[in-house]
Amino acid sequence: MTTRDKILITGASSGLGEGMARRYAAQGRSLALAARRLERLDALAAELRPTAAQVAVSELDVTDTDSVPVVFGKLRDELGGLDRVIVNAGLGKGAPMGTGKAHANLETVQTNLIGGIAQVEAALEIFREQNHGHLVLISSIAGVRGQPKSQTAYSASKAGLTAVGEGLQTEFAGTPIRVSVIAPGYIETAINRGVKTSLKADLDGGVDALVKAIDNEKQWAPVPAWPWLPIASALRHLPQSITRHLG
């Protein structure tokens, strides 16, 4: 399998993005890290430079969609190309619909889906020009089937991102451009900190599983595979009277 030496990660200042950056830096890869919090990115980059081949950073708010291709192009130039782009920047806000907190749901969809599409556009423009690359969309198990209450908009945003990935997989089948959709379950990050469940993976274990799934370059992968592969299958196929008790 092709080694992806030049990797761009969005949402890299904390959580899964930071964890992936640390893993790939330890492997000696070249990294382009983007996030809203530039101070945290700079501090992380200083930690990673002794082991990474190269680290470039840039402030990026993916809801400023016009800035996304500019930042991606700048980071591409600094690294001398991009072999993999990991669309990871995301937001976990949400509230039951109709309870007067529409702003939280709209912001979540704007970040996760509209911001995600902006990143896909920028990444694929680079990959088409290069005629190679690996696009990774960090979706969620919550995107497998619509979720209730405060998870509804988040679930919809991730389902939309998954659908984008599936469409692109069909479009680029048999080409040097690969597309993977990764669906994490509950991993101990800020987004899931308040979730009470025995199914939650610790951050280190979750990141290990995430990096392994990305490097395998499968079209779709739940993370960690156990227990989320059977749960995802159940969510897809079982009646709602049963699936509402899962997760």
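Which residues in helix 1 meet which residues in helix 6? The model is predicted: local features need pLDDT of at least 70, side-chain atom pairs count only at pLDDT 80 or more, and totals for chains, interfaces and linings use all residues. Residues are numbered from 1 along each chain as its sequence is written, and side-chain values use heavy atoms, without hydrogens and water.

On the helix 1 side, the contact (heavy atoms within 4.5 Å) involves G15, L16, G19, M20, R23 and Y24. Helix 6 contributes L203, D204, V207, D208, L210, V211, I214 and D215. By class, this contact holds 8 nonpolar, 2 polar and 4 charged residues. Here Ala, Val, Leu, Ile, Met, Phe, Trp, Tyr, Cys and Pro count as nonpolar, Asp, Glu, Lys and Arg as charged, and the others, Gly among them, as polar. Helices (H or I, at least four residues) and strands (E, at least two) are DSSP runs, numbered from the N terminus.

Helix 1 spans residues 15-26 and helix 6 spans residues 203-216. Their axes lie 9 Å apart, at an angle of about 65°. Axes are lines fitted to C-alpha atoms, for helices over the stretch in contact, and angles run from 0 to 180 degrees between N-to-C directions. The two helices are therefore roughly perpendicular to each other. Angles of 65 to 115 degrees fall in that class, those under 35 are roughly parallel, those over 145 roughly antiparallel, and the rest oblique.

Helix 1 also packs with helix 2 (residues 38-48), at about 20° and with axes 10 Å apart. These two are therefore roughly parallel. E18, A21, R22 and A25 of helix 1 make the contact with R40, L44, E47 and L48 of helix 2. The residues comprise 4 nonpolar, no polar and 4 charged.

Helix 3 (residues 67-79) and helix 4 (residues 102-130) cross at roughly 40°, and their axes come within 8 Å. That angle makes helix 3 oblique to helix 4. V68, P69, F72, G73 and R76 of helix 3 meet A118, Q119, A122, A123, I126, E129 and Q130 of helix 4. The classes are 7 nonpolar, 3 polar and 2 charged.

A pocket is an open set of points on a 1 Å grid over the protein atoms alone, where a 1.4 Å probe fits, with protein on both sides within 12 Å along at least five of seven lines; lining residues have an atom within 4 Å of a point. Among the lining residues are K212, W220, P222 and L229. The lining has 9 nonpolar, 1 polar and 2 charged residues.
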